Amino acid sequence: MTCNTQMYLARQGMITDQMKRVAEREELEPEVVRHEVARGRLVIPANVHHLAKRLDPMGIGKVARVKINANIGNSAVTSDIAGELEKLHHAVHFGADTVMDLSTGGDIDAIRQAIVDASPVPIGTVPIYQALEKVNGVAEDLNWEVFRDTLIEQAEQGVDYFTIHAGVRLPFIPLTAKRVPGIVSRGGSIMAKWCLAHHKESFLYERFDEITEIMKAYDIAYS
């Protein structure tokens with residue numbers, strides 16, 4: 001498979017248009033940006049499909065300015081595209097550098113597409129949330145195929161970065177039993193419930209290389 005991720009191109013010595021734009025915004029030399037991307041210390045979340053629309057590339061890393069993320073998204077209680085676009089507008093207007101769509105209600109695909117199409121900043125998601133909706137909220141019914149299809153669907157829409165809870169592994173779950181707050185990550189708790197129900201290792205961990213290959217094809221970043 002042809003690899004055209006920012007990291008791959010940076011390691012080939014190439015300075016892409018995205019790197020040039022990040023250098024301009026951060027007041028850095030383009031070569032500094034390329035070097036940091038190549039080392040894995042600077043990431044440019046820029047899905048190829050979002051780039052083709054209106055994304056203005058930005059960088060996150062040690063040499064860049066501190067970035068602010070805003071969370072938006074619908075719920076089972078309230079859900080409409082206009083409302084989410086208004087949230088996006090206010091988030092960007094007041095300085096959000098990235099926005100996460102954490103929708104869990106109805107019309108998730110339509111809302112996310114509208115958000116990506118309208119957003120000049122990178123959009124991120126937690127794919128396990130929508131995968132869970134596809135199995136009617138029953139964590140035990142999740143499987144790799146449902147998650148993989150969700151990942152590809154969101155990648156096709158132009159999502160720039162994903163949160164993947166691959167670090168929540170079966171052997172580690174007992175370590176959380178005595179924690180006062182338990183597992184505070186919703187995505188992590190979903191996978192922990194699946195692991196315990198099936199007495200199996202997390203498919204996010206076991207399929208991590210396949211997840212990476214999907215993300216590589218669209219130049220999507222890990223959150």
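Biologist: Buried means under 20% relative accessible area, exposed means over 50%, and partly exposed is in between. What is the relative accessible area of Tyr-222?
Modeller: In this predicted model, Tyr-222 has a relative accessible area of 33%, which is between the 20% and 50% limits, and therefore Tyr-222 is classed as partly exposed.

Biologist: And how much of the protein chain is buried?
Modeller: Buried residues account for 45% of the 223 residues in the protein chain.

Biologist: What does the chain look like overall?
Modeller: The protein chain has 11 helices and 7 strands, and its C-alpha trace spans about 50 × 40 × 35 Å along the principal axes. The radius of gyration is 18 Å, which agrees with the value near 17 Å that a compact globule of 223 residues would have.

Biologist: Where's the largest nonpolar core, and which elements give two or more residues to it?
Modeller: That core has 33 residues, and Leu-142 and Phe-147 are the ones with the most contacts inside it. Two or more residues come from each of helix 7 (127-134), helix 8 (144-157), strand 6 (161-162), helix 9 (186-198), helix 10 (203-206) and helix 11 (208-218). Apart from this core lies another, of 12 residues, including Met-19, Ala-23, Leu-42 and Leu-55.

Biologist: Which residues is Phe-147 in contact with, leaving aside its neighbours within four places in sequence?
Modeller: Phe-147 is in contact with Pro-127, Ile-128, Ala-131, Ile-164, Phe-203, Leu-204 and Ile-211.

Biologist: Switching to rings, how many aromatic pairs are there?
Modeller: A search of the whole structure finds 4 aromatic pairs. One of them joins Phe-147 and Phe-203 in a tilted arrangement, with 6.2 Å from centre to centre and 55° between the planes.

Biologist: Which ring does Arg-169 lie over?
Modeller: Arg-169 lies over the face of Tyr-205, at 4.0 Å from the ring centre, while the charged end of Arg-186 sits over the ring of Tyr-129, 4.5 Å from its centre.

Definitions and conventions:
Residues numbered from 1 in each chain as written. Predicted model: local features only at pLDDT ≥ 70, side-chain atom pairs only at ≥ 80, totals over all residues. Heavy atoms only, no water. Core = buried A, V, L, I, M, F, W, Y, C linked by side-chain atoms within 4.5 Å. Buried < 20%, exposed > 50% of the residue type's maximum accessible area, 1.4 Å probe, protein only. Helix = DSSP H or I, 4+ residues; strand = E, 2+ residues; numbered from the N terminus. Contact = heavy atoms within 4.5 Å. Phe/Tyr/Trp six-rings, centres within 6.5 Å; stacked < 30°, edge-to-face > 60°. Lys NZ or Arg CZ within 6 Å of the ring centre and 35° of its normal. Rg over C-alpha atoms; globule rule 2.2 N^0.38 Å.
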